[in-house]
Structures are given as structure tokens and as C-alpha cells.
Amino acid sequence: MSDVVRYLILASSFAVLAISFLIGFWARRKVTSPEAFIGGAKIFGPLTVGLATMAAVGSAFAIVGVPGLVFSTGNAILLFMFAAPAFVFGYLVIGKKVRALAEIGSVASLGDLSDLRFNGHRGIKLLLSIMLFIGCAMYLSAQVEACARLFGNLFDWNELVIAFVIFAILIGYTVLSGEIGGVLTQAFQGLVIVVAGFIFTASFFVVTGGFGPVLEVIASSDSGLDPSALTAWGSLPGAYSFAWILLPALGIMCQPQVLTRMTMLRTPRELPKLSLYAVITNMITGLMVLAIGYCAIYLVAAGKVAIDHPDTAVFKVADYLGISAQLFVYPAVLAAALSTSSLFLSLAGTIVSRDLPGSLGINITPVRQVAVSRIAMLLMGFAAIGFAALSGDMVAILGTYGFGTLAAATFPIFVIGLLWRGASSRGVMLGMLTALATTLGGVAIEILKRFNMSEFAWPGDVPWYVFVLAASVVVTIAASLLDSAWSDDQLDRRVRMALDL
Amino acid sequence: MIETSLIIASGLLWLLMVALAGAGHWLAGLYVLLVLLLVYGILGSSHKGRFDLRLVLFPTGVWLLSWAAAFGLAEYFARAYDSGVPAFTIFGFHPSFAAIVVLFWIFPTLLMGFGFEAVKDRWLSQKQWDDFLTAVHEVSPDQQDDEQA
């Protein structure tokens with residue numbers, strides 16, 4: 001790659017950063033209160049929220065991690081990307097109840113929603129804060145890895161330096177305008193991903209002639225690539241297909257990036273339109289990552305490109321396709337990483353400045369909340385960089401860890417709690433304690449395995465987070481049933497109305 | 001009462017699903033997942049304690065049937081051509097993966113997206129939302145505190 005091309009790509013990537021920064025700067029005028037800064041503004045329409053949600057859920061996990069896994073292990077990870085109907089299902093099942101709760105009190109965070117449903121139970125809020133913080137670190141580490149791969153592929157820069165630069169810019173625009181700027185910049189970044197999706201998919205068809213030739217070139221070459229990887233389940237054990245269908249099917253509806261956006265919509269009657277925009281843009285992203293993954297397989301099988309690490313597949317393919325693809329794919333990767341990172345940084349800031357102190361009975365003034373939030377974002381940045389360095393996993397695997405942990409943290413509160421009045425505070429608290437303990441156990445085992453200090457194998461090769469999720473759900477239900485002191489009369493009458501809606 | 005029974009059923013389905021997958025029967029676990037999604041779909045259709053089964057049947061029910069067909073066909077063709085290149089392709093894909101592309105991804109995504117818009121009023125009418133807002137704002141927090149006291 002020539003220096004001119006390299007700097008053109010750098011310029012297009014930084015254009016995304018600069019525009020995001022300008023949007024954040026402009027959006028600060030809309031911040032009229034601390035609640036609006038943190039996420040309490042119900043001012044957005046379905047297109048903005050749909051694009052923002054898609055971008056935040058998609059993330060670098062989708063654009064860097066998924067094609068990498070398609071290249072190395074076949075189609076199984078695409079099941080995760082293709083589970084878009086689960087978006088709609090989530091809105092159908094809990095959407096109106098979540099949005100209705102936002103009418104009852106000041107809802108600027110997930111902790112506020114939890115307070116309403118569980119009468120301000122501090123233990124639940126504390127556990128939710130801790131679990132969300134862990135999940136945020138994992139998810140952010142996937143974005144760190146992706147950014148490192150991007151700039152590492154261009155300039156061979158140091159991973160730590162890259163992470164520091166990206167987080168500094170991110171924190172800069174996130175602290176200016178909070179969640180309002182966050183939603184608007186994520187919507188813009190979603191648009192960048194969609195445009196890149198169209199351009200890349202067209203390039204794929206020009207280069208390969210379609211999906212058929214990919215299968216043919218594998219069959220006719222001596223590349224050593226496994227044709228069975230192109231079956232639905234890929235070349236990994238079937239348990240991965242199971243986990244990668246289960247996780248989005250049940251987990252999308254309780255991901256923070258979906259839940260928080262529901263409360264920011266003007267009215268729940270716009271949720272069907274929001275889900276339509278979210279799934280159509282998600283389909284375009286899905287088509288792009290499918291095309292990138294298949295293109296990588298095709299180019300390697302045909303001996304045209306060498307890919308040393310799966311996470312570099314997207315960049316190697318873009319480099320082969322030429323400047324038109326490069327100028328869109330690199331910025332799309334950055335946009336995907338930024339959109340998710342800004343959301344999780346805001347979330348971490350909110351947890352530390354609002355939810356965590358609230359759960360401990362500490363009252364922080366709104367002005368101080370913003371200062372504490374900035375420090376929390378910095379800490380979260382360090383935690384994410386540390387986790388990425390320690391785990392050494394691929395982007396997609398890190399993303400699934402984060403997704404699973406966040407689902408285990410939120411499922412008992414926001415799915416069981418909203419669908420069943422019988423979910424008691426103590427039941428949910430026990431379910432979340434189980435989730436926390438099993439998550440820490442699961443992560444510890446994975447890290448021990450990474451350093452060859454454990455040979456533990458999960459039953460049936462099912463990834464650990466599936467067991468965490470199941471344990472938290474089952475304990476929540478069982479403990480609530482056994483909690484004879486609980487009656488739904490203890491719920492605020494307005495909350496009962498919201499659950500009845 | 002029905003709500004609680006459904007939640008208990010969901011807990012048992014979670015256990016069954018994970019036990020099956022842990023024992024190596026992950027495909028059976030996926031079919032249990034579909035039943036679990038159906039249970040959540042029924043619970044989510046509830047309005048003032050009444051379940052709306054028409055809302056469950058469309059679009060959720062059709063989506064779940066489509067996924068069931070996708071799993072079955074994907075497994076059938078994966079087994080039929082598991083060790084090499086298939087005898088035929090669909091849209092250039094391995095037939096096992098083509099089943100996923102069509103019946104797991106494109107058809108159910110469009111079905112759910114446009115289907116939700118089609119049943120919007122049944123899911124939440126403007127009147128239901130307005131009534132909720134009126135009722136919520138009529139109950140002031142002070143009134144609520146008095147009731148709880």
C-alpha cells in the first residue's frame with residue numbers, strides 16, 4: 001500500500017471522528033438538565049434511534065470480529081448476525097412496558113428503571129452496576145482490539161497508544177453532550193456503516209462473481225480450507241451454533257444499548273418503525289460481513305491474499321479491493337467501534353456517578369455527577385485496554401463475552417421483572433448474585449485456560465456465559481416463588497399500570 | 001396464576017435447554033429455545049392480565065415456525081454433504097447455509113419488521129397509550145405514598 005493511499009484512509013477515518021466530535025459539540029445545546037445529559041431525554045424519532053441502536057449493537061464485533069470468524073471457522077458466527085428478528089421480538093415483548101416506566105419517574109439510567117420496578121432496592125442496583133461495569137469492560141475491550149487491528153494494519157502503531165488516542169477523542173465528545181450527543185453520533189456512525197455495507201457488497205460481487213465461486217474455489221484448490229465450514233454450522237462444535245443463536249435471540253432485548261434507547265423514543269407507538277429501521281440496517285450490515293468473510297475465504301483459497309490473523313481479514317480484503325473499498329471500510333470499522341464505545345463509556349459514567357452511589361445511599365449533586373462520570377470513563381478505558389491485553393482473545397469472542405455478561409445482568413430485572421409481577425426483589429437479588437458469582441468464575445476459568453493453568457471443559461463445549469445466563473434466570477424464578485413475603489401489592493400502582501399495558 | 005405458570009414453565013425450559021446442549025444435543029436445545037421464545041411471546045402479549053394469542057400467532061408464531069424449518073433443513077443438508085462440496089448450491093450457498101439465509105435471516109427479519117408495523121394498533125393503540133398517560137398522571141406520587149402507608 002502506498003503512503004498516499006495510507007494517508008487518504010487515515011484522513012477518511014479521522015473525518016468520521018471529526019464529524020462525530022462536531023455532532024457532539026452541536027448537540028450540547030440540547031442538554032437542558034443533568035438527566036438529559038445522562039440519558040433521560042425522550043426527544044428522538046424512530047430513524048435516529050433505529051440507526052443508533054443498530055450501530056451500538058453492531059459494533060466492531062460485527063465488522064471486524066464476525067468476518068474474521070467466518071474466515072477461520074465458517075458460517076456459525078453468522079447465526080449471531082442473522083438473528084435480527086430478535087430485535088423486533090424484544091420490542092414486542094417488553095418495549096412498551098420499558099417505555100411506559102419512563103413516564104412514571106425520572107428515568108435516565110438502567111438503575112432508575114430498576115428502582116421503579118423494585119421499589120428502589122439498593123442491592124439490586126448495586127449488583128446491576130457491578131455486572132454492567134464488568135460487561136462494559138469486556139465489550140469495550142473488543143472495540144479496543146478492533147481499533148488496534150485497524151491502525152496496526154495501516155501504520156504498525158503501538159496498541160496502547162492507539163487505544164489512548166481513540167479513548168481521548170471519544171471521552172472528549174461524550175463529556176460534551178452526554179447521551180444526547182451519543183445517540184446523534186451513533187446515528188451518524190450507523191449511516192457510515194450502511195453506506196460502507198452497500199459499497200463493499202457491490203465490490204464483493206465484482207471481484208468474486210457471487211457466493212457460488214467461493215465454494216467452487218475451495219473445492220478446486222489445495223488451500224486446505226475445510227468445505228464443511230460453509231455448512232450452516234461451520235467447523236466449530238455445534239454447541240457454538242447453539243450459543244450464538246440463543247444469545248441474540250434472548251439477549252438482544254435486554255442489552256443496555258437497546259433498553260436505554262427505548263426510553264429515549266418520543267412515544268412507544270413509534271417502536272414498530274424503530275424496529276423496522278433497526279432490522280433493515282442490520283440486514284445491510286449482515287450482508288456486508290457475510291461478503292467480507294466469504295471474500296476473505298475466496299482470496300486466500302485462490303492464493304491472492306495471505307491472512308495471518310483472522311481479525312485482520314476485513315482489512316486485507318479491503319486492501320485487495322482497492323481504494324474505493326478502503327475509503328469506506330476503514331471508517332466503517334472506526335464508526336462501529338466508536339458508536340459502541342461511546343455508549344458503553346456513557347453507561348460506565350452513569351453507573352459510577354449515579355447508580356452506584358445511589359445504591360450505597362450516597363447522594364451526588366448533578367454537577368459533581370458529570371465530573372465523577374468523566375473519571376469513570378477514564379477508568380473504564382484503562383479496564384478495557386487491560387482486559388483486551390490480558391485475555392488475548394479475538395474480537396468476536398470478546399464481544400460474545402460482553403454480550404453474555406450484560407444479558408445475565410439485565411435479564412432477571414428487565415425481562416422476568418417486567419413480564420412477571422411475581423418477580424420479587426429478593427428473588428432478583430439472588431439471581432443477580434448468582435450471575436455475578438458465576439461470571440467471575442467463568443472469566444477466571446477462561447483466563448486460567450488461556451495461561452494453560454486449567455484443563456476444565458464446559459459440558460458439551462457450550463460457552464460459559466450460557467450457563468451463567470441460565471443459572472441467573474432459574475435462581476431468580478425459584479427464589480421469587482419461595483419468597484412468601486412478596487406480593488405484587490407492594491408495587492407502586494403506576495408501575496402496575498405500566499406492567500399491565 | 002397463568003402468568004406464574006408460564007414463568008415456571010420458562011424456568012423448566014431453560015433447564016431443559018441447557019441440559020440438552022450440555023449433553024451434546026444442541027440441536028434439540030435449539031428447538032427448546034423456540035418453545036421458550038413462544039412462552040415469552042405469550043407473556044409479552046398480555047394486556048391487563050389477558051393474553052392476545054392472535055398477536056402471538058402473527059408475527060411471532062410464523063417467525064418461530066420459520067426458524068424451526070431453518071434448523072431442520074440446515075441440519076439435514078449439513079449431514080447430507082458434511083465431508084465435501086455439495087451436489088448443488090442455492091444462490092451460490094451450501095444448501096445447509098441457504099436454509100439459514102432464507103428461513104432464519106431474510107424472511108423472518110422482514111416478516112417481523114413489517115409484521116410488527118402491521119399489528120401496531122393491536123399491540124398498543126393510541127387510546128391505550130393515552131389512557132395510560134392520563135391514569136399515571138392522575139395518580140400523584142403523594143397519593144401513592146398514602147396508599148402504601
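Predicted model: local features only at pLDDT ≥ 70, side-chain atom pairs only at ≥ 80, totals over all residues.
Me: Let's start with chain B. How many helices and strands are there in chain B?
Reply: Chain B has seven helices and zero strands. Read from the N terminus, its elements go α-α-α-α-α-α-α.

Me: How far does the C-alpha trace of chain B span along its principal axes?
Reply: The spans are about 70 × 35 × 20 Å.

Me: And what is the radius of gyration of chain B, against a compact globule?
Reply: Chain B has 21 Å, whereas a compact globule of 149 residues would have a value near 15 Å.

Me: What share of chain B counts as buried?
Reply: Of its 149 residues, 38% are counted as buried. As for contacts within chain B between residues at least 6 apart in sequence, 59% of them join residues at least 24 apart.

Me: Which peptide bond in chain B is cis?
Reply: The one from B:Phe58 to B:Pro59 is cis, and its omega is near 10°. B:Pro59 sits in helix H3 of chain B, which covers residues 53–80.

Me: What about phi, what is it at B:Lys48?
Reply: B:Lys48 has a positive phi of about 50°, although this residue is not a glycine. B:Lys48 lies in the loop between helix H2 (26–44) and H3 of chain B.

Me: Is B:Lys48 buried or exposed?
Reply: B:Lys48 is exposed, because it has 9 other C-beta atoms within 10 Å, and a residue with 12 or fewer counts as exposed.

Me: And what is phi at B:Phe91?
Reply: B:Phe91 also is not a glycine, and its phi is positive, about 55°. B:Phe91 belongs to the loop between H3 and helix H4 (95–118) of chain B.

Me: Buried or exposed, that B:Phe91?
Reply: B:Phe91 is exposed, with 12 other C-beta atoms within 10 Å.

Me: Where is B:Asp121?
Reply: B:Asp121 is in helix H5 of chain B, residues 120–123. B:Asp121 is exposed, since 12 other C-beta atoms lie within 10 Å. The C-alpha atoms of B:Asp121 and B:Val101 are 30 Å apart, and the two residues are 20 residues apart along the chain.

Me: Switching topic. How many residues of chain A are in contact with chain B?
Reply: 63 residues of chain A are in contact with 64 residues of chain B. On the chain A side, the helices that each supply at least two residues include H4 (76–82), H10 (238–251) and H18 (464–482).

Me: Which helix gives the most there?
Reply: H5(A) gives the most to that side, with 11 residues. The residues of the side of chain A that touches chain B divide into 43 nonpolar, 12 polar and eight charged.

Me: Now packing inside chain A. At what angle do helices H9 and H12 of chain A pack?
Reply: H9 (residues 212–220) and H12 (residues 271–301) of chain A pack at an angle of about 35°, and their axes are 9 Å apart. Their crossing is left-handed.

Me: Which residues meet there?
Reply: A:Pro213, A:Val214, A:Val217 and A:Ile218 from H9(A) meet A:Tyr294, A:Ile297, A:Tyr298 and A:Ala301 from H12(A). The residues of this contact are eight nonpolar, no polar and no charged.

Me: Last one. How many residues does the largest nonpolar core have?
Reply: The largest nonpolar core has 243 residues, and those with the most contacts inside it are A:Val333, A:Ala348 and B:Ile100.

Me: What does A:Val333 touch?
Reply: Not counting residues up to four places away in sequence, A:Val333 touches A:Ala60, A:Ile63, A:Val64, A:Ala146, A:Leu150 and A:Val314.

How values were computed
Residues numbered from 1 in each chain as written. Chains lettered and ligands numbered in written order. Axes fitted to C-alpha atoms, helices over the stretch in contact; angles between N-to-C directions. Helix = DSSP H or I, 4+ residues; strand = E, 2+ residues; numbered from the N terminus. Left-handed = near helix turned anticlockwise from the far one by under 90°. Contact = placed C-beta atoms within 7 Å. Nonpolar A, V, L, I, M, F, W, Y, C, P; charged D, E, K, R; others polar. Core = buried A, V, L, I, M, F, W, Y, C linked by C-beta atoms within 7 Å. Buried ≥ 20, exposed ≤ 12 C-beta atoms within 10 Å, placed from the backbone. Rg over C-alpha atoms; globule rule 2.2 N^0.38 Å.
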